[in-house]
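Student: Before we use any labels, could you take me through the definitions behind them and then set the values against those definitions?

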Amino acid sequence: MAYEHILVETRGNVGLITLNRPKALNALCAGLIEDLGNALDEMEANDEIGAIVLTGSEKAFAAGADIKEMKDKEYIDVYMENFITKGWEHVTTCRKPVVAAVAGYALGGGCEMAMMCDFILAADTAKFGQPEITIGTIAGAGGTQRLPRYVGKSKAMEMNLTGRIMEADEAERSGLVSRIIPADDLIDEAITTAQKIANMSRPVAMAAKEAVNRAFETTLKEGILFERRTFHATFALEDRKEGMEAFAAKRQPQFKNR
């Protein structure tokens, strides 16, 4: 499929999606969101792909939602069309793990898009923020909801009320990003990390992702029960048997995604 606003390629068993609106610092417009959703669907359906990397440019992962696209809208317009809704949460519905590789600006919708991924690898140039208040509105794609879950109420409140930008080292200390990587090595390291995931048993990786996500959606007691039952369910898998037998025999497992 041809795409207007993104670049798509595969690196072995990893799918790589690059946001590609350089003149707009990868601002998230409706066309880009549609392209992204279609690419994710293609990669979800491709049995050769086990994990996905989502990235932008050296200057910007995404500098926010496209202000030009929304500046002339009125309340009735955004309400009736359910603006910033259709397709915007598509990343969160992927069963395959999605890694955000963030360099440069990840602001507003860009920060929100990165948080929708399963974890964030940040270049040392990465900058995160929810500056919507500075243009007279608030975050609309999770910036007031996901950000507190990552960094806590106090820091998230400050960022949403002041528009302050968080540098990469603070983002790592705060739990927003998993690791900081030199900018020149970001994509290679993200691909290597995604390949490691893709080489695991596909159903087990999906189950692990689902279990971790459940921690943010339920009580600890219910989450532990979900984890326990999912753990039990892995004993129905050929890959679980192969993994444990390989460990006992001191050899590498040969997973079949079954």
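Tutor: Let us start with exposure: a residue is buried under 20% relative accessible area, exposed over 50%, and partly exposed in between, with a 1.4 Å probe and protein chains only. Lys241, with a relative accessible area of 46%, is therefore partly exposed. This is a predicted model, in which local features need pLDDT of at least 70 and side-chain atom pairs count only at pLDDT 80 or more, while totals for chains, interfaces and linings use all residues. Residues are numbered from 1 along each chain as its sequence is written, and side-chain values use heavy atoms, with hydrogens and water left out.

Student: What makes the contact of Glu245 and Lys241 a salt bridge?

Tutor: The term requires a side-chain nitrogen of Lys or Arg within 4 Å of a carboxyl oxygen of Asp or Glu. For Glu245 and Lys241 the N to O value is 3.2 Å, so the pair qualifies. Glu245 is itself partly exposed, because its relative accessible area is 39%.

Student: Why are Glu245 and Lys241 separated by about one helical turn?

Tutor: Because they are four residues apart in helix α11, residues 238-249. Helices here are DSSP runs of H or I with at least four residues, strands are runs of E with at least two, and both are numbered from the N terminus.

Student: How do you know that Asp169 and Arg173 form a salt bridge?

Tutor: Their closest N and O atoms are 3.9 Å apart, and the limit is 4 Å, so this pair also meets the definition. Both residues lie in helix α7 (residues 168-174), four residues apart. Arg173 is called exposed because its relative accessible area is 65%, whereas Asp169, at 44%, is partly exposed.

Student: Which residues are linked with Arg164 in a network of salt bridges?

Tutor: The network links Lys155, Glu158, Arg164 and Glu170. Within it, Arg164 and Glu170 have their closest N and O atoms 2.9 Å apart. Glu170 is buried because its relative accessible area is 12%, while Arg164, at 26%, is partly exposed. By this rule the count comes to 15 salt bridges.

Student: What makes strand β5 mostly covered?

Tutor: Five of the five residues in β5 (residues 98-102) are buried. The cover is found on both faces, with Val98, Ala100 and Val102 on one side and Val99 and Ala101 on the other.

Student: How do you know that β5 pairs with strand β3?

Tutor: Two strands pair if DSSP finds at least two bridges between them. Strand β3 (residues 51-55) and β5 share four bridges in the parallel sense, so they pair; Ile52 has Val98 as its bridge partner. Four bridges also join β5 to strand β7 (residues 119-123), again running parallel, and there Ala101 stands opposite Leu121.

Student: Why are β4 and β9 called edge strands?

Tutor: An open sheet of mixed pairing is formed by four strands in the order β4-β6-β8-β9. The edge strands β4 (60-62) and β9 (166-167) each pair on one side only. The pairing of β8 (residues 127-129) with β9 is antiparallel and has two bridges, with Phe128 opposite Met166.

Student: Why does Tyr79 count as exposed?

Tutor: Tyr79, which lies in helix α3 (residues 75-80), counts as exposed because its relative accessibility is 53%.
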